[in-house]
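Let's take a friendly walk through a protein structure. Have a look at the picture first, and then we will go through some of its details together.

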Amino acid sequence: MSNGAERMRRELMIRLVREFRAGTLADNIDRIPVQLRPQNSPATRCCIYHDRAVLKYRLMALLGFDPKRETDETKPLKEYYEEAEAEDCSPEPPITVCGAGCAGCPSSRVAVTENCRGCFARPCVYACPRGAISVIDQHAWIDYSKCIKCGKCLQVCPFNAIIKTKVPCEDACPTGAIRKNEFGVADIDFDKCIFCGKCFAKCPFGAVMERSELVRVLRALGAGRKLVAMIAPSAQFQFPGGIEKLFSAVKAAGFHDVIEVALGAELTTEHEAHEFIERMKRGDRLMTTSCCTAFVELIKKHVPQLIPCVSDTPSPMKYAGKLAKEKYPDALTVFVGPCIAKRHEALSAENVDMVMNFEELGALLAGSGIDIMSQPEWKLPRPAIATARNFAKSCGVTDAILSELCGDDLPKVNGKFFNGIDAKTAKMLALYAAGKLPGNFIEGMSCEGGCVGGPCSLVK
Amino acid sequence: MAEKIKLEICCGTTCFMLGAAEIMQLATNMPPDLDGHVEVTGLACMNACLNENLGHSPFVRIDGKLIGNATVEMVCDELRKRLNGGGDNE
């Protein structure tokens, strides 16, 4: 476990599932924040009352509500739980910032700490390109009207006395979509947000929350609905004992059937390879992949001139949904992956009814008392081919397409990769759109390493 | 050569979710000074969590000694103590 925010998020999910399975969630949900931070227990924020308040909002998000849209502060969670029963719309937007959880981190700046010795050499003064540093009373001072935060002074200080403070969510956001609002807490601008989940993964206060569909899934299971889980290829690196045991565990949790999304990836590969040939034959200069939702959103919102080059091929999730609905027309389909953006994509995917992440699936199994390692090996009717399972890794999509494209008269692939999106990606993509960079096939993955590095993965 | 230290990691779903996944990475990625001296096994749920309220997961067992709230660093520290001190010195 890498940090306490992650641990609390997962613990809370497991508790929620346990209470649900025991039939006590409605009666106990308002007690959970107090049980987790009882009187005289150590607080993680300023006091246990603040901790409890954030836990309440976290539970609200787990029930599928946006804490930002709270209108009545006195409303107990039980009422939200009952409302969630009636509400069957998918959560949009999929992520939100909990104002009570956000610490309103001060804007990033370069600061001289008390470790400054006011030395004779003063390399900071010489390193500063804007003449922003002066030494007064044996201590360096920065004139913030001149400082451009280049950090050159940090590098040269012999005492490590100069630091650059960070704002983890803003620093992680590749599109400048997360900024502080008039109340000094972070807010997401959804005209810019691409749902990559980097702020969610990086906030040390756990203030960025996903609006979960976990309770919707639990309810459907509890009501005896026929549910089909569609598990993303990256699951093979995420759970103990391999996907065969995982699939048995999912079945034991009450799902009617389990489908590998890699089977959808096979169809994506086939279709995308043919699409590439067609596009090249008709004289297109460039095609980009379309399986990573955050990458597609980045193009739509920030490099619109590239939209015509985005592949029209449905993603593996959409194909898997189609396979599932063909087999079980009356079933509800649940995509399970390490991704936040897929929640957004699922809204427009007619064959995907709900989305869970790997943390939620793990919590669903743990809270239901299902031990994955003790499960029998599930016999896959037909295991997906290796290149399709490899989709979850960076360059995996290109590899799969290359293996599909063999023949002398076919167009040659000159593949370029975006292995993780950052603040520079949109600028680079604009250069590709303008024809200033070589390459005819761009694979884009928002997460470093591919889906396996997703914000909601269990194993990082 | 001395007998290997036995590190058993609970891979029950709860422990796995709450940190055993990272500790399991020691199976393939042991620090150089410990490499070759430890036998790592991932176990199905050891039921150590049954009477606890999640607070003590993940659990590991080192030469039979049960350790709760385990982290990679803590496990390596304990392994080093055993490797260098030759047993349970507490």
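Which residue in strand 15 of chain A is the bridge partner of K416(A)? The partner is I442(A). Keep in mind that this is a predicted model.

## A sheet in chain A

That bridge belongs to the pairing of strand 14 with strand 15 (residues 441–445) of chain A, which runs in the parallel sense over five bridges. The two strands are part of an open sheet of three strands in chain A, in the order 11-15-14, with parallel pairing. At the edges you will find strand 11 (287–288) and strand 14 (415–419) of chain A, each pairing on one side only.

## Helices across the sheet

Now look for the helices. Helix 13 (residues 293–302) of chain A lies across strand 11, strand 14 and strand 15 of chain A, at about 110 degrees to strand 15. Helix 19 (residues 425–433) of chain A lies across strand 14 and strand 15, running at about 165 degrees to strand 14.

## Loops in chain B

Chain B has some backbone details to spot. In the loop between strand 2 (38–43) and strand 3 (60–62) of chain B sits P58(B), and the peptide bond from S57(B) to P58(B) is cis, with omega near 0 degrees.

Where is D63(B)? This residue lies in the loop between strand 3 and strand 4 (65–67) of chain B. Phi of D63(B) is near 45 degrees, a positive value in a residue other than glycine. N69(B) also has a positive phi, near 45 degrees, and is found in the loop between strand 4 and helix 2 (72–85) of chain B. D63(B) is partly exposed, with a relative accessible area of 42%, and N69(B) is partly exposed at 33%.

Notes:
Residues are numbered from 1 along each chain as its sequence is written. Chains are lettered from A and ligands numbered from 1 in the order in which they are written. This is a predicted model: local features need pLDDT of at least 70, side-chain atom pairs count only at pLDDT 80 or more; totals for chains, interfaces and linings use all residues. Side-chain values use heavy atoms; hydrogens and water are left out. Two strands pair if DSSP finds at least two bridges between them. Helices (H or I, at least four residues) and strands (E, at least two) are DSSP runs, numbered from the N terminus. Contact means heavy atoms within 4.5 Å. Axes are lines fitted to C-alpha atoms, for helices over the stretch in contact, and angles run from 0 to 180 degrees between N-to-C directions. Buried means under 20% relative accessible area, exposed over 50%, partly exposed in between (1.4 Å probe, protein chains only).
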